[in-house]
Amino acid sequence: MVCVGTSTQQALKSKGVTVDLIPKHFHAEGLYELLKTYPLAHAHILIPRALVARETLPEQLRLHQASVLITPVYQTTHKHLEQDVKQQLLQPPHHHTQRYLTFTASSTLESLVAQYTPQELVKLQTHAQIA
């Protein structure tokens with residue numbers, strides 16, 4: 001059993017599942033770096049994931065002749081920002097404060113970007129540090 005990070009490990013542990021491997025870096029590339037140190041040719045690898053996800057890990061594993069089965073187990077949905085929140089983000093932050101926008105997944109970025117015009121995105125970027 002392999003998982004991407006410690007939060008997933010804890011969730012699995014709470015269900016009685018033991019995790020054997022966790023990568024140093026908690027993303028697909030980190031998982032690939034860990035897995036490629038094991039024999040992958042003809043290995044059968046199940047990847048439960050979102051309906052829409054990057055193909056980085058499956059593609060890399062297949063290059064090593066692994067048999068990869070992708071099983072979508074959830075679908076990311078997008079929530080529209082409340083109009084007052086959307087407008088607040090377009091305003092400069094209060095004096096002597098910083099504003100940071102953090103994105104935990106590409107889908108969070110895509111969802112936010114879809115809610116602003118290109119001009120608003122430029123304005124948003126001038127008022128925040130993006131991570």
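## The nonpolar core

The largest nonpolar core of this predicted model contains 11 residues: Ala28, Leu31, Tyr32, Leu35, Leu40, Ile45, Ile47, Leu57, Leu61, Ala66 and Val68. A nonpolar core is here a set of buried Ala, Val, Leu, Ile, Met, Phe, Trp, Tyr and Cys residues joined through side-chain atoms within 4.5 Å. A residue is buried at under 20% relative accessible area, exposed at over 50%, and partly exposed in between, with a 1.4 Å probe and protein chains only. Helix H2, strand E1 and helix H3 each supply at least two residues of this core, and the largest share, 4 residues, comes from H2. Helices (H or I, at least four residues) and strands (E, at least two) are DSSP runs, numbered from the N terminus.

One member of the core, valine 68, is found in strand E2. Valine 68 counts as buried because its relative accessibility is 13%. Between the C-alpha atoms of valine 68 and serine 107 there are 23 Å, and the two residues are 39 residues apart along the chain.

## Basis of the values

Residues are numbered from 1 along each chain as its sequence is written, and side-chain values use heavy atoms, with hydrogens and water left out. Since the model is predicted, local features need pLDDT of at least 70 and side-chain atom pairs count only at pLDDT 80 or more, whereas totals for chains, interfaces and linings use all residues.

## Two parallel strands

Strand E1 (residues 44-50) and strand E2 (residues 67-74) run parallel and are joined by 7 bridges. Two strands pair if DSSP finds at least two bridges between them. Histidine 44 stands opposite serine 67 in E2. The chain passes from E1 through helix H3 (residues 56-63) to E2, a β-α-β crossover that is right-handed. The term right-handed applies if, with the strands pointing away from the viewer, the path from the first strand over the helix to the second runs clockwise.

A further pair across the two strands is leucine 46, which stands opposite leucine 69 in E2. In a regular strand, side chains alternate between the two faces of the sheet.

## Residues in the loops

Histidine 42 lies in the loop between H2 and E1, and glutamine 65 is found in the loop between H3 and E2. Most residues other than glycine have a negative phi. Histidine 42, however, has a positive phi, near 70°, and phi of glutamine 65 is also positive, near 65°. Histidine 42 counts as exposed because its relative accessibility is 66%. Glutamine 65 is likewise exposed, because its relative accessible area is 51%.

Glutamate 55 belongs to the loop between E1 and H3. With a relative accessibility of 32%, glutamate 55 counts as partly exposed. Glutamate 55 and aspartate 20 are 35 residues apart in sequence, and 23 Å apart in space from C-alpha to C-alpha.

## The largest pocket

The largest pocket holds about 1400 Å³ of space. Pockets are found on a 1 Å grid over the protein atoms alone: a cavity is a set of points where a 1.4 Å probe fits but cannot get out, and a pocket is an open set with protein on both sides within 12 Å along at least five of seven lines; lining residues have an atom within 4 Å of a point. Grid points are joined across faces, edges and corners, and the volume is the space filled by probe spheres set on the points.

Of the 37 residues that line the largest pocket, Val4, Pro48, Arg49, Ala50 and Tyr74 are the closest to its centre. Helix H1 (6-14), helix H2 (28-35), E1, H3, E2 and helix H5 (106-113) each give two or more residues to the lining. The largest share of this lining, 6 residues, comes from E1. By class, the lining of the largest pocket has 23 nonpolar, 11 polar and 3 charged residues. Ala, Val, Leu, Ile, Met, Phe, Trp, Tyr, Cys and Pro count as nonpolar, Asp, Glu, Lys and Arg as charged, and the others, Gly among them, as polar.

## The second largest pocket

The second largest pocket has a volume of about 170 Å³. Among the residues that line this pocket are Lys79, Leu81, Phe103 and Gln115. Helix H5 gives the most to its lining, with 3 residues. The lining of the second largest pocket divides into 5 nonpolar, 4 polar and 1 charged residues.
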